[in-house]
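Here are my notes on this model for someone opening it for the first time. Please keep the structure in view while reading the numbered points.

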Amino acid sequence: MVKAAIRNATICAGWVAAGFLCIPAAGYLTSPRGALGPTVLQAESVIGAAVAVVVCMGLATMVAALVGRFTNAVVGLFVLGGGLYALVHRTATVEELARSEQSLGLVVVETVLWALLVLAAVVVVFRLAGPLKDVQLEKSGRRPSAFLSAAAGKSALAGLLVLPAVWFIAQSPMKGQVVGAVFVGGLVAGLAGRLWSPHVQPILLFVSPIVFGAIGHIVGMVLMKESLGEAFVAGEVPALCLPMPADYAAGTLLGVSLGLGWAKSFLHPHEEEAKEPQSGAAVQST
């Protein structure tokens, strides 16, 4: 009971700290119209917005790594996702891009940049918090690479599941709906990726839904026959174009973390793997 209470208090404190560290970046994301904007690359001051986001993200990553040391890396990344959600909840939606006649092409580029930023954060958290101890060796005794292996690629491919979730759930640009759609897609991706590839550290799984989100933006642009402004007025902006880059980052971190935790209830280590020294040290992922 005491251990669980300390763990939960650590997670809550991490959420609050990460949120307070991320929120200041929202003030730098002003659009050319002077209103609060949704993106970095189309902010009134791109350099100022980029520096603010990177600094705030870096500080929140340190908080996530600290929480991860007391729990595990996945819980730390869940805390980081909560901090990012505090940021995106204060930013604008695709409506601001439509009103200021900005480009969806730059949204694709920024989504990829957010994927790289999240990848850096995930690597730092896993490095400082340590690998997940409940990820067992393969039957052959090998431990596949978290980056360059068939197992890692198979796990990352599950990120594709974020697109149908966004397509069916995100029917308006409201923040709760678009982040919720990415969250659901990330949760399903986390579950599927862990079950499909249970012997690899899920580092790429935390990033691949964001990359597929960029692909979704491209598909949405192809489906949209008119300009963004005209499509928005007509209510014909494809669902795949509604989540903004930071929405994908926050929703993915939150959803994949819970999906990995859910997957634990379906996984049973092989008898020979259970003899590994760290097999009995399984930790909760969420």
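1. Start with Glu101. Glu101 is exposed, at 72% relative accessible area; here buried means under 20% relative accessible area, exposed over 50%, and partly exposed in between, with a 1.4 Å probe and protein chains only. Glu101 sits in the loop between α4 (94-99) and α5 (104-129). Helices are DSSP runs (H or I, at least four residues), numbered from the N terminus. The phi angle of Glu101 is near 55°, a positive value in a residue other than glycine.

2. A word on the source. This is a predicted model, in which local features need pLDDT of at least 70 and side-chain atom pairs count only at pLDDT 80 or more, while totals for chains, interfaces and linings use all residues. Residues are numbered from 1 along each chain as its sequence is written, and side-chain values use heavy atoms, with hydrogens and water left out.

3. Next, a helix pair. Two packed helices are described by the angle between their axes and the distance between the axes. Helix α2 (residues 46-70) packs with helix α3 (residues 73-88) at about 145°, and the axes are 7 Å apart. The axes are lines fitted to C-alpha atoms, for helices over the stretch in contact, and angles run from 0 to 180 degrees between N-to-C directions.

4. Which residues of α2 and α3 make the contact? From α2 come Met57, Ala60, Thr61, Ala64, Val67 and Gly68. From α3 come Ala73, Val75, Gly76, Val79, Leu80 and Leu84. Contact means heavy atoms within 4.5 Å. By class, nine of the contact residues are nonpolar, three are polar and none is charged. In this scheme Ala, Val, Leu, Ile, Met, Phe, Trp, Tyr, Cys and Pro count as nonpolar, Asp, Glu, Lys and Arg as charged, and the others, Gly among them, as polar.

5. Ala121 belongs with this helix pair. Ala121 lies in helix α5. At 4% relative accessibility, Ala121 is buried. Leaving out residues up to four places away in sequence, Ala121 touches Met57, Thr61, Leu77 and Leu80.

6. Is Gly58 buried or partly exposed? It counts as partly exposed, at 30% relative accessibility.

7. Look at the aromatic rings. The whole structure holds two aromatic pairs. Rings of Phe, Tyr and Trp (its six-membered ring) pair if their centres lie within 6.5 Å; planes under 30 degrees apart count as stacked, over 60 as edge-to-face and the rest as tilted. Trp15 and Phe78 form a tilted pair, 5.4 Å centre to centre with 45° between the planes. This pair links distant parts of the chain, with Trp15 in helix α1 (residues 2-22) and Phe78 in helix α3, 63 residues apart. Trp15 is partly exposed at 34%, whereas Phe78 is buried at 18%.

8. Now the core. In soluble globular proteins, nonpolar side chains tend to be buried together. The largest nonpolar core here has 74 residues, and Leu84 and Phe206 have the most contacts inside it. Such a core is a set of buried Ala, Val, Leu, Ile, Met, Phe, Trp, Tyr and Cys residues joined through side-chain atoms within 4.5 Å. Beyond its neighbours within four places in sequence, Phe206 contacts residues including Val74, Leu77, Val118, Phe126, Leu253 and Leu260.

9. Gly220 is in helix α9 (residues 208-223). Its relative accessibility is 0%, so Gly220 counts as buried. Gly220 and Leu240 are 20 residues apart in sequence, yet 5.4 Å apart C-alpha to C-alpha. Pro238 and Cys241 are in contact with Gly220, its neighbours within four places in sequence aside.

10. Finally, a loop residue. Ser172 lies between α7 (162-169) and α8 (175-196). Buried or exposed? Ser172 is buried, with a relative accessible area of 16%. Neighbours within four places in sequence aside, Ser172 is in contact with Gln177, Val178 and Leu242.

Methods. Helices (H or I, at least four residues) and strands (E, at least two) are DSSP runs, numbered from the N terminus.
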